[in-house]
Every structure is written in structure tokens, then in C-alpha cells.
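Hello,

Here is the structure I promised to pass on. My notes follow below it.

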Amino acid sequence: RSATTTGAKFMSAQKPKGQMSLKGFFTPGSSTKAPSASRTPPVPNADDPALVPKSVHKAQAKRPAAVEASGSGGKRQAVSTPGSESDAMSDVRTTPAVRRSCASACQGVDSDTPSTGTSSHAAVAAAISRASAPASSVEGSRELSFGFLKDKRDAHGLRPGDDGFDPTTLLVKLENKEKFTPAQEQYWKIKVKHNDVVIFFKVGKFYELFEEDALLGHRELDLAFMGKEAPHVGFPEAVVGKYAEKLISLGYKVGVVEQMETPKELEARNAQAKPGQKKEKCVARELCSVLTKGTALNPDEQANYLLSVSEDVSRGIIGVCFVDCATGHFSVGQCDEEGGNQRLRTLLTQLRPSEVIVDGQHVSREACNLLRRSVPANLFNLLPEPTFGDEHRARDILLEANYFEGGEHTWPKPVRAAAALEPPVAFRAFGGCVLYLRRLLLDQQLLPLGHVSLWVPSDGD
């Protein structure tokens, strides 16, 4: 693939069609037509021979059979042979990064371009030197492109550590001389409301990651950087399931952005534009799915719970809502004023939730600490009131979205009962859960089922 940077003009491709599985995690659409001839694949994963160019196999075939199994630990060491690439590799562990760099060097040596006087031995040695550098120095050479990423703030201008900071949003504000390409505008419009989500951005027959997401992809997925400046990685659409599953298992949220039209459909749409109306320069894209460990289907078919918690701190009343997204079954209820934290502790032991969302505006320190210790850090979501909502926002959302096809009288009985409680802490937790599922594009799939039951707290006796 020709080197590209975030500032490059992204190519257009095909409308997603068909389905592909992710061992139960999600099924995003995939394109079935051939990619644009002007696009070549990103640097392949050297661990997968099917993705390595033939020229690399050719270069590897030229190497002498100089690799032997060592007698300790099953590691493999290269035996030095004069005048071969093995001289340079004799003392270096062949990690994927080393193999990928060596493959790239060998590919350049085997090309038809005139020689520049650099021997294959020197090229491979230089590649090993770069690939063997500490991760910090490799990532340190990739600086974030935009000022708003170097001084991050949420949509309300708050910095991390400020009271009420919302990690799910991002303030995108360009500085002097900074500008977006049309595709970058699409990307950052999504990131504004999904800053806590790793975005797989469809470009032709590939998914690409940019800036902070690219650094994460390089670190966690061993994806090679593309270009020489801004962080930018990518991979073929055929392996999107594998990479999404890996990040989800590590506790990250993954969002898949698909192309919603072909270049020909874009051309037809622009042809119908009214005089004076601005024409679009790239195909339409949309965020089609967002998955987290708390909402993904569990491969072993065990229940997988997302837990939402709010609290009336002054009275010690804790309200909860938890949902198993595989079945769409919700449970909602609240503890009385005595022993609320003990009952919450019992619930956490019984449920073993995969992900927790917490009303950051209404939670005691003790309850917050209990919840924080119940899941990995990436899966503990302490949300400010604008994102979690309150009982009034919950009521408005249920009526506006019309999940149950009617007014309040059509709501499931446990939801109506929760809304009638005073204080309505359980209803607030239910509303926070609904808003979170709405961000993940799952609310319309789960809530219309109407599977809601009343949670009755217990002491675990």
C-alpha cells in the first residue's frame, strides 16, 4: 500500500453488503466488490503468510536455512552465515515487528527499481535496528496532529480531572493553519460524541485507525504505522472480527464506521444537487455498531450483564438496573435506606457484571469504590449527569423514542413502578442504562421487547 497520512485524501469504495460473524461479538456489514485499483493493502501482518506479498516470500526463500531450534525454552535463534541477512539477525529475537520490518527491507531489495548502493545486509540490519527500539521511542516518533488532542477537553471545555469531566465527548477545535479533509470531517464528527470508543473507519476494502486510536492499534494489535507523520494504521476488512474481538476482550469499546454508498451513487447524488448547493467530496459514512464487553454476546453462552447504578446519597437508597444484552432482559429495583451497600455488594457477587455505568452526580464514595473494584478500569464508566441523565430525562427519552408504542400506560409494569417510587432512584438507573444503550445503537433492538422484571434485593443469606 502506498504510504498515506491522516492528512491524505481518503479514497472512496463500496456500500457494505452481507454479514460476517465475530464468534458472537457482532456482525458488521462488509463490502463484496473489488477495491479501487489505486489502493493497495496496508503493511501486512507478518504472522499471517496469506497476507504477506509474494515478493516477501521470494526474499525469504533466498535466505539460507540457518534457523535452528535452541535447546532452552523452545526459542529459535538465527545462525550467522557470512554474506547473508542472518548476520544481522543473529542476536535479535524475531518478534512480529522485526519480521515485518525485515520483510519490508527484503521486499525493497527484490524490487525492480535501480540499486542505490545499499546492500541487502545493511537494509535488513537497519530494519532490525528500528524494529528493536523500545516501544516508547517508536510511538514517540508519532506525534498527534491536532492541538485539541494535545490539550484534551470534553464537549463542555473541561479537562481530565475537572469535576464533571465527560470522557465520552471531545471538544474538536482547529487551531490556525489546521484543517480537515472531507473524510476527516466525517471521522471527527463521530469522535465528538464517542471519544471513549476505538473507531474502525472504513476506507475502501480496509478499516483504518487514526491519531490516538492508531497508537492504541499499534500497541495492542501490533499494526504497522503507515506514512511517516501522523499516527495511522489499518487492516483488511477480512480480519475486522479478529481485531475487534481482541480489543473488546481487553476492555475497549469498538465502533465500526461503514460506507453507505458507492462512488457512483455519490456521483448520482451530486448530480441531483440544486444549483448553488455544495457537492459532497466523499461517500457517506455512518457509525453502524458499537460494542463493549458488557454488551457483546458471551461465546460460552453465559449471561453477560451491564449494570447501571444511581443513589440517593443523603438517604442511602441505591437504585440499580442490569441487562443481559443477549436476551434483552432488564431488571430494575432499589434498596431501602438500611444496608444498601451490603445489598449492592451481594448483587455484585451474584451478577459478576462485565461492565458498570455509574451516576457520577449521585453516588457515595463507598458505593463508587465497590463498583470500581468489581470490573477492570476500562469497563467502569463514571458518567456526569448530562450523559447519565436523571429521572426527568429518563421519562422524556422513553416517551420520545416510543419504545413501547404508547404513553406511560404501555410501559412494562416494573418500569411504571420504579417511576412512581420516591425518590425514583431505580428509574434514574434505568434511564441511565437506556441512554448508554442508545449511544451503543442497541436501544431499539432491546427495549421494544419489553422484557423487564422487578429486582428484589437480598442480603445473600
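The lining of the second largest pocket divides by class into 12 nonpolar, nine polar and 10 charged residues. Please keep in mind that this is a predicted model.

That pocket has a volume of about 780 Å³. Its lining counts 31 residues, and those closest to the pocket centre are Phe-165, Pro-167, Thr-168, Asp-196 and Phe-380. Three elements each supply at least two lining residues: β3 (197-203), α8 and β12 (380-383). Helix α8 gives the most, with five residues.

Next, the cavities. The structure holds two of 30 Å³ or more.

Last, a helix pair. How do α11 and α12 cross? The axes of α11 (residues 340-351) and α12 (residues 365-372) come within 10 Å, at a crossing angle of roughly 10 degrees. Angles under 35 degrees count as roughly parallel, so α11 is roughly parallel to α12. On the α11 side, the contact uses Asn-341, Leu-344, Arg-345 and Leu-348. They meet Glu-366, Ala-367, Leu-370 and Leu-371 in α12. The residues of this contact are five nonpolar, one polar and two charged.

Best wishes

Notes: Residues are numbered from 1 along each chain as its sequence is written. This is a predicted model: local features need pLDDT of at least 70, side-chain atom pairs count only at pLDDT 80 or more; totals for chains, interfaces and linings use all residues. Side-chain values use heavy atoms; hydrogens and water are left out. Axes are lines fitted to C-alpha atoms, for helices over the stretch in contact, and angles run from 0 to 180 degrees between N-to-C directions. Helices (H or I, at least four residues) and strands (E, at least two) are DSSP runs, numbered from the N terminus. Angles under 35 degrees count as roughly parallel, over 145 as roughly antiparallel, 65 to 115 as roughly perpendicular and the rest as oblique. Contact means heavy atoms within 4.5 Å. Ala, Val, Leu, Ile, Met, Phe, Trp, Tyr, Cys and Pro count as nonpolar, Asp, Glu, Lys and Arg as charged, and the others, Gly among them, as polar. On a 1 Å grid over the protein atoms alone, a cavity is a set of points where a 1.4 Å probe fits but cannot get out, and a pocket is an open set with protein on both sides within 12 Å along at least five of seven lines; lining residues have an atom within 4 Å of a point. Grid points are joined across faces, edges and corners, and a volume is the space filled by probe spheres set on the points.
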